Amino acid sequence: MNGRHVLFAVAAAALLPVVAFLVIILWMGFWQGSPGEPVVYTLAHYRAILTDSFTYKTMLNTLGFASISVAVSLIFAVPTAWLVERTDLPGKSWVFTLMAVSTLVPTFFTAMGWVFLLHPRIGIINKFLMNWFGLEAAPFNIASIAGMGWVEGLGLSSLGFIMVVATYRTMDPALEEAGRVHGLKMWETLRYVTLPLTFPGVLAAAIYIFTIGLSAFEVPAIIGMSNKLFTFSTFIFYKMQPLEELPSYGVAGAVSSLLIVLALLLSWWYFKVLRFSSRYAVVTGKGYRPQLVELSPRGRLCAWLFLGFFFVVAKVLPFLLLLWAALLAYFQPPSMEALGKLSLSNFYGLPWELLLAGARNTLLIMLTVPTLTLMLCMAISWVILRSGFKWRLAFDGLAFLPHAVPSIILAIAAVFAALFLLRDAVPLYGTLTIVILVYTISRISFATRIINNSLAQIHPELDEAAFAGGLRVFQVIRKILLPLLKPALVYAWLWMALLCYRELTMASVLVTNQNNVTLPMIVWGLWLGGSLNQAAAANLVVLVFMLPAVLLYLTFGRRSRFEEAM
Amino acid sequence: MISLSGVEKHFKSGPQTVAALKRIDLEVRKGEFFVLLGPSGSGKTTLMRCIAGLEKPDRGNISFEGATVFSAIPPVYVPPERRQIGMVFQSYAIWPHMTVAENIGLVLTHGQRRIPKGDVKERIRHVLSMVQLDNFGDRPARLLSGGQQQRVALARALATNPKLLLMDEPLSNLDARLREEVRSKIKKLATELAITVLYVTHDQVEAMVLAHRIAVMSQGEILQIGNPFELYRGPKNSLVAEFFGSINWVRGKLLDLHRVETEIGPLMVESSNGHTGTVVVGIRPEDIKLAAPSTESENRLQGRVLSSAFLGDQVIAEVKINETTLTVKAMPDDQKKVGEISVHFPKERIVVFPASAPVQEAALQ
């Protein structure tokens, strides 16, 4: 047993659960029973969901929600990307940093803010409009498919921005310049050259965002569920943890299986479009900067108004509303009277003991998950890129699956396995261990991609020289590869730590008690329990706890790596 | 020292399988400077990587000093770190995150052939002075020039006193002047250390300067093994002849063992190599004599100089005989203005091959 075998074993062990989870989900769809009872296999779940009109309503909800998310995010992302990449807009680098940080703001955070803004009963914009115009009913309803799509789209626009920027950057600027030189006006160049050339890249971003929207959990859970407005992910969640009946794992498994098929098809389409779009991509030489479009003073003003509107609407407004709500015992629109009622009592009244337990667990998760993930993915990447192993492409494909499969489904598979398969052998259900394991598995795609990208840029002769010099494979990794990969690893570690911090989707299924509760779960618990103002206060506390990690990320995580990973 | 038998290696590219090495048999003697020479894609680097253990052949055996390091059946595979080799890579593969001394020190402190900690410093100093980089130990490796990196790579490869030194086109990334300088340094060093060297290159001049023996490779096969003189004067086929310098090919027909009727006229050859019928005959530009004294009547033909270029140490002339144009390298004092001339073909310099080989066909077009 030499080092190479150990690496293979580690890589295989990391990818085995991915396969196992998929098998378990498919199996769950045909399974009927409860702990301790004999198991029956049946097609009843599929029959049930396919004959129930509620399934179709949920499907329409989900498709509508995902489509609106795509539209909203691209309406903000595409112009912003163009402004940053192709114009001389001053202060553009700030836009980039703000966008990167925006992706870190938990979606449940902004979702709560939007409820306070546009809820038909309590939303302050609705109240103002009703007062001013003497309306009978609220003009906006956030608890609708359009409302949820709007919030999700705002949240995903920073991701969309980063993907579209990459498209603009890899497009040969000479193509645009050729248009200008031969007499096309700026908007004509934009219309006939830039947009058609970047279309495949934008389409790829749209498919990617649509896939995320399809399985998005946080917004539908915060806004939709209490109003009985379901999408696939909340529907699956509800079947796993219903309020009144017993959990129906079979139905959850059947719906999950359908969702997996849909997500895999979309991923396939995404890669097809991506390959098509890269046909136009060029690698420009070092130091080559395209001529930037000069904005007139009026153009600059418009650009800043547009960007300002985006940031205010997407982040600042929800934040201010949460702050306002957190300082009030019960929610009311801003007024002189309300100002007198502001207090910190929500903060005093928070379940601090629970919050501390949550903080401890969350911190533990943030430290272990990125570390474990990077160790496993180092082995996977080595097998894919350096081993020359016949089946290395299979490893590559498997490492991609956790990205394609909605994360809530990974969590469900893990819970099911813990409850019914490993119940007595390995007691995992309700432990922090299962949370750490599932988070780790869900991050395999991301980390493998980052390490693959960086490792591919390290000339294989650098490790071969070490082998020729007599170093064993682990020494090569420790002495040559790890030091050279360090920037990428540091970046990936910080990013994964932050994603773990804000993770609610998987936690909603995995967290069952105080021993494994995480901070986002506490916020959500307060929210579901109806203590909206306390939830707002808890949310702010959670956000403050996050700041040191964000600062670390901004210091050490480089912008280029961020794009690479997307 | 190294012995290979029946080594085969295939690569898959898409649905196709490409044979990179076809049943290679090879012996490299102890202390020998052995060069693998061939165009790109000929399999020479793959062969070296199989010997280093960086690739696994599909079939065959490889042994170092009688000890098997690779065998397909029964399966034996000694990984590169245990083969006691030194290797200089085409990219030099200098670890950019270390200093020059650390690059060398790493293999001495962490490799399979590590030496006592106390000796490491002295050994680094010693190998650096061998490559004339005496005070470069503390330099960050990424700040070195290409030529310096090349020397560090050589120092690192020699640090563990390997029995076998592998060099994969080590000079191809250097500019022409530096290349000549480093070439002679490598030759001197290899002679001093009496180390066995296996050296891959596509440059025939480099091969001829450095090698005791050369193996000429093409399309995964070894065409011929021999010392530079043998390969130049006695190529076994037209590919080898083509690879060593330029050569004029002329179609012809063997009349008997020594007489060929060619496109340019009747020629006597010393040996027809056992071929019969339609052949091509080859003669190198420098072997053709222009306007030689008329003492010899054999192989003397009338031609016309179409153009000539004076290069200082030689004259390159285009000479037309019948409808065929030949390239001739003559001495500067042979310079003859454009016009009619008598041309002599020394018969011992004419090589004869069957007319079927693809390269000749291409050359004759």
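## Contact between two helices of chain A

In helix 1 of chain A, the residues A:L7, A:F8, A:V10, A:A11, A:A14 and A:L15 meet A:L376, A:A379, A:I380, A:W382 and A:V383 of helix 16 of chain A. Two residues are in contact if their C-beta atoms, placed from the backbone, lie within 7 Å. By class, this contact of helix 1 with helix 16 of chain A has 11 nonpolar, no polar and no charged residues. Nonpolar covers Ala, Val, Leu, Ile, Met, Phe, Trp, Tyr, Cys and Pro; charged covers Asp, Glu, Lys and Arg; the others, Gly among them, count as polar.

## Basis of the model

The model is predicted: local features need pLDDT of at least 70 and side-chain atom pairs pLDDT 80 or more, while totals for chains, interfaces and linings use all residues. Residues are numbered from 1 along each chain as its sequence is written, and chains are lettered from A and ligands numbered from 1 in the order in which they are written.

## Geometry of the pair

Helix 1 (residues 3-28) and helix 16 (residues 352-386) of chain A pack at an angle of about 115 degrees, with axes 8 Å apart. Helix 1 of chain A is therefore roughly perpendicular to helix 16 of chain A (a term for angles of 65 to 115 degrees). Axes are lines fitted to C-alpha atoms, for helices over the stretch in contact, and angles run from 0 to 180 degrees between N-to-C directions. Helices are DSSP runs of H or I with at least four residues, numbered from the N terminus.

## Domains of chain B

The domain assignment of chain B gives domain 1 (2-238) and domain 2 (246-364), with bounds from an automatic or database assignment. The C-alpha centres of these two domains of chain B lie 39 Å apart.

Notes. Parallel < 35°, antiparallel > 145°, perpendicular 65-115°, else oblique.
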